[in-house]
Amino acid sequence: MLKMKGYNQFRNLSLARFASLIAPVPADIDIVFRLANNRSFLAAFGIAMLLSLVVELMIQPYLSRIIDRMERRKIQAVNQIVFAISVMAVGLEIVLLGNIEAALLVMLVLIETYYTVAYQVYASIAQSLIKRRDAGNYSGLSEILGQTPVILGAAISAIFWNMIPLPYILVASGAAGIFLLFPLAFVRNAGATVLAGQNTPSAEPVIRKMKLSSVIFIFLFNMPYVAVVSGNYLKPIFIAQLLHGTPGTLAESEIIYAVSAVVAGLLAPLAIKKIGEFRSAIMFSLIYVAGSILMPLFPLIAIFFILQFSHGTGNAGNRISRNTLVMRNVPAGEIGQFNGKVQILAVASRILLLILYIMAIELIGVRMLMIMTGIIVLAAVTAGALLRRYATVQMENLRLLDQEALSQ
């Protein structure tokens, strides 16, 4: 059971996070499928994703510093308003001018950038509110609550994708972004608790241990996530062109992924308590790798849906374990910069993967690229395991609860 001060704060934070994440989902699914379903547009699709990553890489150093210095609630409010106005403007542009392909590419970049800011802001707010001993349970519960917008948004998309024209979906998504700002107003204590350069004495020993080896270690165990988001290029192509699916198929696969991530949200905290964060991250990473290699070998919708469950469980379980390590080792006042360094490495990896995909998609096909991605994840996790002795983070916190209870 999650024990922490300020239950209302956690409830408000969860509600605001849900509201911020659900608004773009139906538009995101529709846009991605339309781009992936056009063979002549695959290169432009990849280039647009690549451009969104370049934008993320450019803003990341500034975003990291801003998160550690400003009230995080305000950062997300600006992010959400910019997204809402932009998506409604693009929807109106399609209605008036009908330039759909260019609009789809612009929206892809906007949505990816929006998610980049939103996820980091909410992770930083949580770091300010959650005690170290509650980190595992919170990470699991956060995963469950975080997948709810995907489930609901994908269900809406699966039902209405052939009923509502794209421009109206975009306008509705933007309007929802504005309306769903309301829960954010109830989030309190959302600023950085420790400003960079003004660390408390109790935080200093931990900060000194946050060396480059720790950043690389966390990054290597971030590779299942890197593969998932990079797979946003490959999977829609796989569904549209090999499985002969529809936007509804893509939405259904997102629902399965989200439900399996919810299952991981229940299982991962138990695994962390039994075997520790490090071994838990290894176990869930291997579950993800198995699905990645098997999925393209059997291009059938039913088998794809089954293996999609291993993707959701593996990536989410790995993320919960990894986030628990970070929450228990990195001070709240430094979390923006630490996560920013990890994010820069992750974005650079995504850029390299996308370049590989764009150059090789016509040469070796989507199935071989999916297998190669699984092998890359396996290699990264193996490297992370070998780097363990050099990483300056506490790997197993199995007795953390008892230790903190004695110190209080």
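The chain holds 14 helices and 0 strands, where helices are DSSP runs of H or I with at least four residues, strands are runs of E with at least two, and both are numbered from the N terminus. The model is predicted, with local features requiring pLDDT of at least 70 and side-chain atom pairs counted only at pLDDT 80 or more, while totals for chains, interfaces and linings use all residues. Residues are numbered from 1 along each chain as its sequence is written, and side-chain values use heavy atoms, with hydrogens and water left out.

Of the 408 residues in the chain, 56% are buried. Buried means under 20% relative accessible area, exposed means over 50%, and partly exposed lies in between, for a 1.4 Å probe and protein chains only. Among contacts in the chain with a separation of 6 or more, 90% join residues 24 or more positions apart; a contact means heavy atoms within 4.5 Å.

## Helix pairs

Two helix pairs are described in the table. Axes are lines fitted to C-alpha atoms, for helices over the stretch in contact, and angles run from 0 to 180 degrees between N-to-C directions.

| Pair | Residues | Angle | Axis distance |
|---|---|---|---|
| α4 and α7 | 72-97 and 166-179 | about 160 degrees | 8 Å |
| α10 and α12 | 223-242 and 301-329 | roughly 160 degrees | within 11 Å |

Helices α4 and α7 are therefore roughly antiparallel to each other. Angles over 145 degrees count as roughly antiparallel, under 35 as roughly parallel, 65 to 115 as roughly perpendicular and the rest as oblique. The crossing of α4 past α7 is left-handed, a term used if the near helix is turned anticlockwise from the far one by less than a right angle, with right-handed used if clockwise. On the α4 side the contact includes Gln-80, Phe-83, Ala-84 and Val-87, and on the α7 side it includes Leu-166, Pro-167, Leu-170 and Val-171. By class, the contact of α4 with α7 has 14 nonpolar residues, 5 polar and no charged. Here Ala, Val, Leu, Ile, Met, Phe, Trp, Tyr, Cys and Pro count as nonpolar, Asp, Glu, Lys and Arg as charged, and the others, Gly among them, as polar.

Helices α10 and α12 are therefore also roughly antiparallel to each other, and α10 passes α12 in a left-handed crossing. Pro-224, Tyr-225, Val-228, Lys-235, Phe-238 and Ile-239 of α10 make this contact with Phe-304, Gln-308, His-311, Asn-315, Asn-318, Arg-319 and Arg-322 of α12. The contact of α10 with α12 divides into 6 nonpolar, 4 polar and 3 charged residues.

Asn-318, in helix α12, is buried at 0% relative accessibility. Beyond its neighbours within four places in sequence, Asn-318 touches Phe-221, Pro-224, Ala-281, Phe-284 and Ser-285. Arg-319, also in helix α12, counts as buried at 16% relative accessibility. With neighbours within four places in sequence left aside, the contacts of Arg-319 are Glu-143, Gln-147 and Tyr-225.

## Nonpolar cores

A nonpolar core is a set of buried Ala, Val, Leu, Ile, Met, Phe, Trp, Tyr and Cys residues joined through side-chain atoms within 4.5 Å. The largest one has 82 residues, of which Ile-31, Phe-45, Leu-170, Tyr-233 and Leu-234 touch the most other members. Helix α13 (residues 335-387) gives the largest share of this core, 18 residues.

Ile-31 is in contact with Leu-104, Met-107, Ile-111, Leu-166 and Leu-170, leaving aside its neighbours within four places in sequence. Leu-166 and Leu-170 are also among the α7 residues that meet α4.

## Other local features

Ile-29 lies in helix α2 (residues 25-36) and is buried, with a relative accessible area of 6%. Ile-29 and Leu-250 are 221 residues apart in sequence, yet their C-alpha atoms are 7.3 Å apart in space.

Helix α9 (residues 212-220) is mostly covered, with 7 of its 9 residues buried. The buried residues of α9 are Ser-213, Ser-214, Val-215, Phe-217, Ile-218, Phe-219 and Leu-220.

His-244 sits in the loop between α10 and α11 (247-294). His-244 is not a glycine but has a positive phi of about 55 degrees, and at 63% relative accessibility His-244 counts as exposed.
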